[in-house]
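Please find below a colleague's note on the model under review.

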Amino acid sequence: MLIVLWYLATTRWRVSPLLLPNPVTVLQDFWDILKTGEFIGDLRVTLTELAAAFAISATSGVIVGYLLSRSQYRIRVFEPLFAGIYSIPIILFLPLYVLFFGLGPASKIALGATISFFPIALSTIAGFGYVDKVFVVAARSMGASDYQLFRYVLMPAALPIILSGMRMGFTVALLSIIGSETIASLAGLGHRIVHLAEGMEIARMFAYIAFVVAIALILNTLVSALEARGKRF
């Protein structure tokens with residue numbers, strides 16, 4: 001229905017193509033983008049930034065979350081602190097990241113890692129910190145060592161929550177990186193969209209937006225599938 005209304009707006013209702021290009025033209029540009037492969041360089045930059053940011057946030061978030069979860073006092077201190085920081089739109093601090101790390105990929109990686117760190121850390125704290133004490137006492141009473149307690153009690157109980165937090169962290173990392181590329185960057189999909197908008201290539205800009213949406217959907221589907229598989233494991 002939206003596409004039909006879009007087509008009618010551009011053909012029957014005389015909406016300016018500078019505001020809303022014809023969807024047929026957008027589709028032609030989309031196909032041209034795929035056929036020529038001009039997106040490869042920008043896609044490589046964005047995916048590299050995303051992979052680096054998520055690797056940093058996942059590693060640090062799980063380690064920090066696990067260490068904090070080993071003490072109820074630390075949980076009471078840091079869990080509300082992390083939740084409060086996570087509620088702040090950290091992308092507002094992008095100018096500081098650009099000032100410290102420059103306009104290149106480093107500032108996008110740092111911002112994405114910072115934003116995605118908090119949901120991963122919070123989910124790790126929740127996963128390890130709130131395991132049913134009955135399971136822990138039962139394992140200890142049967143002589144379980146620290147490794148056995150971690151491997152057979154804590155990890156199976158915490159893994160589903162940690163995986164959910166990682167999926168959330170991956171999503172916010174992707175959003176923050178593409179968003180920051182549209183504000184201050186030298187390359188990437190977000191930078192390409194802004195460059196096309198400044199050049200008044202509106203139809204091609206819409207085609208790149210559709211391309212970014214498709215990439216985001218594919219990545220989210222893959223991450224959700226990995227999350228479901230990890231939970232079954």
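1. Basis of the model. The model is predicted: local features need pLDDT of at least 70, side-chain atom pairs count only at pLDDT 80 or more, and totals for chains, interfaces and linings use all residues. Residues are numbered from 1 along each chain as its sequence is written, and side-chain values use heavy atoms, with hydrogens and water left out.

2. Secondary structure. The protein has ten helices and zero strands, and its pattern along the sequence reads α-α-α-α-α-α-α-α-α-α. Helices (H or I, at least four residues) and strands (E, at least two) are DSSP runs, numbered from the N terminus.

3. Overall dimensions. The radius of gyration of the protein is 22 Å, whereas a compact globule of 233 residues would have a value near 17 Å. This radius is taken over C-alpha atoms, and the globule rule is 2.2 Å times the number of residues to the power 0.38. Along the principal axes, the C-alpha atoms fill a box of roughly 75 × 40 × 30 Å.

4. Burial and surface. Of the 233 residues, 39% are buried (buried means under 20% relative accessible area, exposed over 50%, partly exposed in between; 1.4 Å probe, protein chains only). The protein exposes about 13200 Å², of which carbon and sulfur atoms supply 72%; accessible areas come from the Shrake-Rupley method with a 1.4 Å probe, and for residues only the protein chains shown count as cover.

5. Contacts along the chain. Among contacts in the protein with a separation of 6 or more, 72% involve residues 24 or more positions apart. Contact means heavy atoms within 4.5 Å.

6. The protein carries 17 positive and 12 negative charges, and their mean positions are 9 Å apart. Lys and Arg count as positive and Asp and Glu as negative, while His and the chain ends are not counted; the place of a charge is NZ of Lys, CZ of Arg, CG of Asp or CD of Glu.

7. Salt bridges of Arg204. The structure holds five salt bridges, each a side-chain nitrogen of Lys or Arg within 4 Å of a carboxyl oxygen of Asp or Glu. In one of them Arg204 pairs with Asp29, with the closest N and O atoms 3.5 Å apart. This pair links Arg204 in helix α10 (residues 202-232) to Asp29 in helix α2 (residues 23-36), distant parts of the chain 175 residues apart. Both Arg204 and Asp29 are buried. Arg204 also meets Asp32 in a salt bridge at 2.7 Å, N to O. Because Arg204 lies in helix α10 and Asp32 in helix α2, this pair ties together parts that are 172 residues apart in sequence.

8. Arg204 counts as buried because its relative accessibility is 13%, whereas Asp32, at 26%, is partly exposed. Glu38 forms a salt bridge with Arg204 as well, the closest N and O atoms being 2.8 Å apart. Glu38 counts as partly exposed, since its relative accessibility is 28%. Asp29, Asp32, Glu38, Asp42, Arg192 and Arg204 are linked in a network of salt bridges.

9. Gly127. Is Gly127 buried or exposed? Gly127 counts as buried because its relative accessibility is 3%. Gly127 lies in helix α6 (residues 105-129). Leaving aside neighbours within four places in sequence, Gly127 is in contact with Ala158 and Ile161. Gly127 and Arg167 are 40 residues apart in sequence and 14 Å apart in space, C-alpha to C-alpha.
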